[in-house]
Each structure stands twice: as C-alpha cells, then as structure tokens.
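These are my notebook entries on one structure, written for someone who is meeting it here.

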Amino acid sequence: MDRDKAIRNLEVILEKIHSDTDMSQLNEYHKLYKKEISLFKRSAAAAWLFMYYDKRETPSPRPAVLPPISIKSPVKPPVKPQIKLVEKSRNIKSDKIKSASEKPAVEKNLSEEESKQLFISIGKNRRLFPREVITLIMSKTSTPREDIGIIRILDNYSFVQVRDEKADEIITALTGLRFRGRTLTVNYAKPKSSEADTDNN
C-alpha cells in the first residue's frame, strides 16, 4: 500500500463530500448501507470500499481542464461582425446585472442587536469562499439564507455573522466536522479589539 497516496485519497473523498456531492443521493446510500450491513461489519466494509477505491484512483482534487476545441468557421459576410459585437455587448451587460444581483447574497448585513459573530478555523489557505461557508452552514443546520450575514475570509480563519437564535446550533453542528482536509473549530468571535491583536500576530 502507498500510504501517502491513500492519505491523499482520503482527503479528496472528504473534500468531495462537502463540495462535489449530491447530499440527498448520499443520504440514500447511507440509509441503505446501514440497513444492509450490521453495525459490527460496517467498519470493515468501509475499509474494503476505501481499499477498492484507492487501488484504482490517483488523487486529483481539481477536475482536469480539457483543451479548447478549435473549429474553423467559414468566411462571414460583413454584417455578421456587427451582430456579434452587439451580442457581446449584451453578454457584458448581462454579466454585470448578474454580478450586481449576486453580491447582496454574500454581503447581507444583520443588525448587531439580533446577530452574533462566529469564528471558524479555516480561511483562504484552504481556498475558502463566502458562498462555500453559506452552503456548509445551510447543509448542516436548519439555518435559512436570510439568517447568515457578512462573511470575512482571512488567511487562516474566518468570521461569519449569524442570527442570534441560530448561533448555538451552528457551533454544535460544525465543531469537529472535517472540511477541506481539516477539523473545524467554531465558537463565538472575540471582541473586535481582540481580533485586531490576532491579525497583528
């Protein structure tokens, strides 16, 4: 057994569970697995499936990018380039409208009176983005999108604003969870003065 390759494959599997898996379908497999395999044999069955996967898979966390296909186009009449420019202009406007509509989804701000700041022990060094924090919280708790506010992603950790009544549920659900190859620590954020001291250190 190539131990290093096996460990990398475990990290890939854990990452794909949270970022590239249909959770409803996974739950169906999970239910079937628990129903058909007795409690005493589940660990051995899981180890066998991992061995089977590891012998056939080489870790590749990111999907391979296929080279662009080159297609020779026939000579176009003079009118075509003008139409193409108009279409390109429309696409640019459409992209701007889309960006503008998506930004508030990440930058939703909750009032300080009804919210809490949470600390999460993962940041930019694990290629984390605000949309992934939102997806993680919503998939592991009963928290709706409107109860998640401003998200700040720093190098080694992040801060997320959440509704008061959801804070304890989120801390309980995410603490100890394996995500992006590491075990998460989630708790109430320190006051801003303490945050500044942490950043300076």
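Entry one, a residue and its contacts. I looked up Val186 and found that, leaving aside its neighbours within four places in sequence, Val186 is in contact with Leu118, Phe119, Ile120, Ile171, Leu174 and Thr175, where contact means heavy atoms within 4.5 Å. I place Val186 in strand E6, and I note that helices (H or I, at least four residues) and strands (E, at least two) are DSSP runs, numbered from the N terminus. Val186 is buried because its relative accessible area is 3%, and the terms I use are buried for under 20% relative accessible area, exposed for over 50%, and partly exposed in between, with a 1.4 Å probe and protein chains only. I also checked Ile122, which is 64 residues from Val186 along the chain, and the C-alpha atoms of the two are separated by 9.5 Å.

Entry two, what I am working with. This is a predicted model, in which local features need pLDDT of at least 70 and side-chain atom pairs count only at pLDDT 80 or more, while totals for chains, interfaces and linings use all residues. Residues are numbered from 1 along each chain as its sequence is written, and side-chain values use heavy atoms, with hydrogens and water left out.

I find seven helices and six strands in the protein chain, and along the sequence they follow the pattern α-α-α-α-β-α-β-β-α-β-β-β-α. Of the 201 residues in the protein chain, 24% count as buried. Among contacts with a separation of 6 or more, 75% are between residues 24 or more positions apart. The accessible surface comes to about 15000 Å², and 56% of it belongs to carbon and sulfur atoms; accessible areas come from the Shrake-Rupley method with a 1.4 Å probe, and for residues only the protein chains shown count as cover.

Entry four, the sheet. I traced an open sheet of four strands in the order E2-E3-E1-E6, with antiparallel pairing; two strands pair if DSSP finds at least two bridges between them. Strand E2 (148–153) and strand E6 (186–188) stand at the edges with a single partner strand each, so one side of each has no neighbour in the sheet. From one strand to the next the twist averages 25°. Strand E1 (residues 115–120) runs antiparallel to E6 and is joined to E6 by three bridges, and Leu118 stands opposite Tyr188 in E6.

Helix H6 (residues 164–174) lies across E1, E3 and E6 and runs at about 135° to E3. For these angles, axes are lines fitted to C-alpha atoms, for helices over the stretch in contact, and angles run from 0 to 180 degrees between N-to-C directions.

Side chains of opposite charge can pair when their charged atoms come close. I counted five salt bridges, a salt bridge being a side-chain nitrogen of Lys or Arg within 4 Å of a carboxyl oxygen of Asp or Glu. Glu114 forms one with Arg163, the closest N and O atoms being 2.8 Å apart. This pair links distant parts of the chain, since Glu114 is in the loop between helix H4 (79–106) and E1 while Arg163 is in strand E3, 49 residues apart. Glu114 counts as partly exposed because its relative accessibility is 34%, whereas Arg163, at 14%, counts as buried.

Which residue forms a salt bridge with Asp147? It is Arg163, with the closest N and O atoms 2.9 Å apart. Asp147 lies in the loop between H5 and E2 and Arg163 in strand E3, so the pair ties together parts 16 residues apart in sequence. Asp147 counts as buried, at 9% relative accessibility. I therefore record Glu114, Asp147 and Arg163 as linked in a network of salt bridges.

I also noted the salt bridge in which the side chains of Glu132 and Arg180 meet (2.5 Å, N to O). Both Glu132 and Arg180 are buried.
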